Amino acid sequence: MKKAFSILLACATVLALLAGCTATPDTPADGTTTAASTTTTAATTTTTAEETDMTTSTTATAATTVSQTPATTSTTAKTTTTKKTTTTKAPTTTLAPITPTEPYKVALSDDRLHYEGRTMIENNSVLLDWTGTGVTMQVQGGDVRVKLTSDHAQSSLLAPYFAVYINGKRKKTVVANCETEWQTVASNLPANRYTTVSIMKLSEAQYSAAKLQDIELTGVLGPKPTLPDRKMLILGDSITCGWGSKTASVSDNFTTPTEDGSLTYPWLLADRFDAQKHILAVSGNGIATSNSGSTTSCLLPQQMPFVHYEADYSGPQWNADSYQPDLILIGLGTNDTLAGSPADRLANGIKNFSATLRQNYPNATVVWVYGLMTAAQESTIRLTVEEVAETDSKVHYLYVDPVSGVELGSGTHPNERGHKRAADELEPQLREIMGW
């Protein structure tokens with residue numbers, strides 16, 4: 001299932017990142033190759049058919065960090081419960097109108113900012129490695145600009161991609177760049193109410209680590225957004241990263257523009273459940289055996305202790321107590337299977353990882369999902385999870401049929417259709433398990 005990358009990327013920093021999780025040049029779970037060419041990119045904004053066209057400004061403006069307070073206090077967000085989901089609506093109280101000011105920087109440590117996923121502030125930047133990491137804020141009036149940078153953005157085909165959401169609706173896509181250029185992510189916001197602005201990473205840690213270096217406003221930063229009560233921890237491999245989710249052929253090469261984590265079944269489910277989400281997923285990773293056959297590297301359980309993606313398993317440690325999920329959704333085992341992992345090694349890996357998860361997350365419901373790319377060794381995974389469940393009633397196993405036909409994307413990964421079908425099948429089962 002593995003083959004060497006056939007094309008040397010022009011940018012040395014990109015090569016360094018691609019080597020991050022693979023001691024040998026390997027590809028995730030299926031033998032797909034990376035994009036054949038590289039293109040130098042600056043601050044770039046792309047817009048899909050579902051996204052509203054917005055103008056991106058890249059003109060740097062000198063600014064000082066200023067702490068501003070809202071013109072008036074906001075009301076509590078209203079929560080509406082429906083048959084399918086619980087949705088927290090943004091406050092709609094009319095505020096005293098404000099007049100946009102000269103641009104000013106917001107301190108990245110401001111507690112009115114909400115950072116999603118495993119992130120940390122290091123060297124005056126917020127590290128945004130994992131799929132789904134990002135920042136959410138409430139802003140009254142004016143514009144919002146950010147500096148998103150990456151050492152690996154010389155290639156537009158392996159650059160970090162982010163989605164911009166306005167009041168929960170996706171509006172545009174922005175790309176991190178090698179320079180410290182401002183990008184406008186929201187403009188002309190209503191002057192008499194708060195608008196929720198979110199910037200979320202779509203591409204995976206291994207190929208597109210990024211940094212948020214600055215946030216600049218011309219309006220007023222409002223109170224910290226109201227967060228959903230439900231919490232999910234999502235663990236997986238290239239399927240969870242969204243490898244090939246925007247492709248329509250198994251022969252399509254891997255590029256970060258075609259890897260969209262928001263289209264994956266775990267992300268879709270988190271949205272449907274109105275849940276916070278932390279995603280830890282790395283292409284090629286297994287439970288006990290990676291897609292290259294390694295039993296000592298490229299294993300997701302080894303990544304668990306760290307804040308951000310660490311190819312050499314070193315760096316700042318994550319405090320598990322800081323985020324205790326209600327649901328842990330695990331999509332692992334495909335790489336173990338395709339690499340030919342012996343059944344006993346895979347079973348032991350599942351048992352050991354289950355024990356670690358229970359130690360760190362004593363109250364979480366744990367659901368293993370398998371089958372979306374292959375049904376091989378399904379019985380090994382199912383029987384092992386069922387064995388764990390004999391002494392832990394909050395552990396469950398769910399099977400999803402492998403993708404085929406129009407559901408197939410790059411390297412036999414599920415594309416958008418495949419992920420939606422999986423989400424549709426899993427949603428009612430998970431609602432029953434969780435009482436959601």
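User: Which residue in S17 stands opposite Lys-231?

Analyst: This is a predicted model, in which local features need pLDDT of at least 70, side-chain atom pairs count only at pLDDT 80 or more, and totals for chains, interfaces and linings use all residues. Residues are numbered from 1 along each chain as its sequence is written, and side-chain values use heavy atoms, with hydrogens and water left out. Strands S16 and S17 run parallel and are joined by 7 bridges; two strands pair if DSSP finds at least two bridges between them. The residue in S17 that stands opposite Lys-231 is Gln-276.

User: Are the residues of S17 buried or exposed?

Analyst: On one side of S17 lie Ala-275, Lys-277, Ile-279 and Ala-281, and on the other lie Gln-276, His-278 and Leu-280, with both faces covered. The strand is largely enclosed by the rest of the structure, because 7 of its 7 residues are buried. Accessibility is classed as buried (under 20% relative accessible area), exposed (over 50%) or partly exposed in between, with a 1.4 Å probe and protein chains only. The residues of S17 are therefore buried.

User: Which strands stand at the edges of the open sheet that contains S17?

Analyst: The sheet has 5 strands with parallel pairing, in the order S17-S16-S18-S19-S20. Two of these strands each have a single partner, so one side of each is left without a neighbour in the sheet. The edge strands are S17 (275–281) and S20 (395–399).

User: By what average angle are neighbouring strands of this sheet turned against each other?

Analyst: Axes are lines fitted to C-alpha atoms, for helices over the stretch in contact, and angles run from 0 to 180 degrees between N-to-C directions. For neighbouring strands of this sheet, the average is given with direction ignored.

User: Which residue in S19 is the bridge partner of Leu-327?

Analyst: Strand S18 (residues 327–331) pairs with strand S19 (residues 365–370) in the parallel sense, over 4 bridges. The bridge partner of Leu-327 in S19 is Thr-365.

User: Which strands does helix H7 touch where it packs on the sheet?

Analyst: Helix H6 (residues 343–360) packs on the sheet and touches strand S16 (230–236), S18, S19 and S20, its direction making about 150° with that of S19. Helix H7 (residues 378–389) also packs on the sheet, and its direction makes about 160° with that of S20. Helices (H or I, at least four residues) and strands (E, at least two) are DSSP runs, numbered from the N terminus. The strands touched by H7 are S19 and S20.

User: How far apart are the axes of H6 and H7?

Analyst: Two packed helices are described by the angle between their axes and the distance between the axes. H6 and H7 pack at an angle of about 35°. Their axes are apart by 10 Å.

User: How many nonpolar residues does the contact of H6 with H7 hold?

Analyst: Contact means heavy atoms within 4.5 Å, and residues of H6 including Leu-346 and Ile-350 meet residues of H7 including Ile-381 and Val-385. Ala, Val, Leu, Ile, Met, Phe, Trp, Tyr, Cys and Pro count as nonpolar, Asp, Glu, Lys and Arg as charged, and the others, Gly among them, as polar. The contact includes 3 polar and 2 charged residues. Its nonpolar residues number 7.

User: Which residue in S13 does Val-164 stand opposite?

Analyst: Strand S13 (residues 195–201) is mostly covered, with 7 of its 7 residues buried. It pairs in the antiparallel sense with strand S8 (residues 134–140) over 6 bridges, and with strand S10 (residues 161–166) over 5 bridges. Thr-136 stands opposite Ser-198 in S13. Val-164 stands opposite Ile-199.

User: Is Asn-123 buried or exposed?

Analyst: Asn-123 lies in the loop between strand S6 (120–122) and strand S7 (125–128). Its phi is near 55°, a positive value in a residue other than glycine. At 68% relative accessibility, Asn-123 counts as exposed.

User: What separation do the C-alpha atoms of Phe-306 and Asn-319 have?

Analyst: Phe-306 is found in the loop between helix H4 (300–303) and S18, and it counts as buried at 6% relative accessibility. Leaving aside neighbours within four places in sequence, its contacts include Arg-118, Tyr-313 and Trp-318. Phe-306 and Asn-319 are 13 residues apart along the chain, and their C-alpha atoms are separated by 8.7 Å.

User: What percentage of the residues of the protein count as buried?

Analyst: The secondary structure comes to 8 helices and 20 strands. The protein has 436 residues, and the part of them that counts as buried is 57%.
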